[in-house]
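Have the sequence and the 3D view side by side for this one. We'll walk through it a piece at a time.

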Amino acid sequence: MKKLTLLFCLILASTFAFADSIAINNFEIRENPYAQNQISVVATDTAHNVLQNITGTFLFTVNGFEDTLKFNSGVAFYKHTIDRSTFIYARHVNDSGTHSMLYYIYKSEYKLVPVHISWVVLLAIPLALILLAYMFKRFIIIAVIIFCIFLFFNYHNNLSIPTFFQSIVDGLRSIF
């Protein structure tokens, strides 16, 4: 009888020990369909399908500010309004690592259009300017002017230099 009770307790404990944990490994920024000038964070899989099983509160860092987002059926609404076109850098840290996305939110008169910016593009633009300036010596002044315009556009739309480098570093980490 003791062996049977022990076996029953062992089987019961093993069912609780292997519970599936919920983790967000991919996410997207989309326009909030229920509120004007707001965005939503959508938990997705690698094929960009919404994960309906994601429910609960998760900690995200959006543009350097930590915010607890409440997910319901894979969708969380970011409550802050967007007044003008801007960059949104969202990070989420879980057991499998750091997941981050950089988006440029283009604000038109009636809707928001999120455009995903890859870390490769952020790295390619300055490297291309440096390479062109190195190849064509007369292009140095024009390359410096274009680079200054690039930095001003990024800074004016809330993409600071530390965020710029952090998104590149997070992209390089995701490769390895």
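Strands here are DSSP runs of E with at least two residues, helices are runs of H or I with at least four, and both are numbered from the N terminus. Before going on, keep in mind that this is a predicted model, where local features need pLDDT of at least 70, side-chain atom pairs count only at pLDDT 80 or more, and totals for chains, interfaces and linings use all residues. Residues are numbered from 1 along each chain as its sequence is written, and side-chain values use heavy atoms, with hydrogens and water left out.

Back to that pair. Strand 3 covers residues 56–62, and it runs antiparallel to strand 4 over 7 bridges; two strands pair if DSSP finds at least two bridges between them. Another of these links joins G56 to F71 of strand 4.

What sits at the turn of this hairpin? There are 2 residues between the strands, and N63 takes a positive phi near 55° there. Most residues other than glycine have a negative phi, so that one deserves a look. N63 is partly exposed, at a relative accessible area of 32% (buried is under 20%, exposed over 50%, partly exposed in between, with a 1.4 Å probe and protein chains only).

S73 does something along those lines too: its phi is positive, about 60°, although it is not a glycine. You'll find S73 in the loop between strand 4 and strand 5 (75–78), and at 31% relative accessibility it counts as partly exposed.

Now look at what else strand 3 pairs with. Strand 6 (residues 86–94) joins it in the antiparallel sense over 3 bridges, and V62 has A90 of strand 6 as its bridge partner. Zoom out and you get an open sheet of 5 strands in the order 4-3-6-7-8, with antiparallel pairing. Strand 4 (65–71) and strand 8 (112–117) are the edges; each has a single partner strand, so one side of each is left without a neighbour in the sheet. On average, neighbouring strands of this sheet are turned by 35° against each other, direction ignored, taking axes as lines fitted to C-alpha atoms (for helices over the stretch in contact), with angles from 0 to 180 degrees between N-to-C directions.

Last stop: N154, in helix 3 (residues 140–156). N154 is buried, at 5% relative accessibility. Leaving out residues up to four places away in sequence, N154 touches F87, L159 and F164, contact meaning heavy atoms within 4.5 Å. N154 and F87 are 67 residues apart in sequence, with 8.1 Å from C-alpha to C-alpha.
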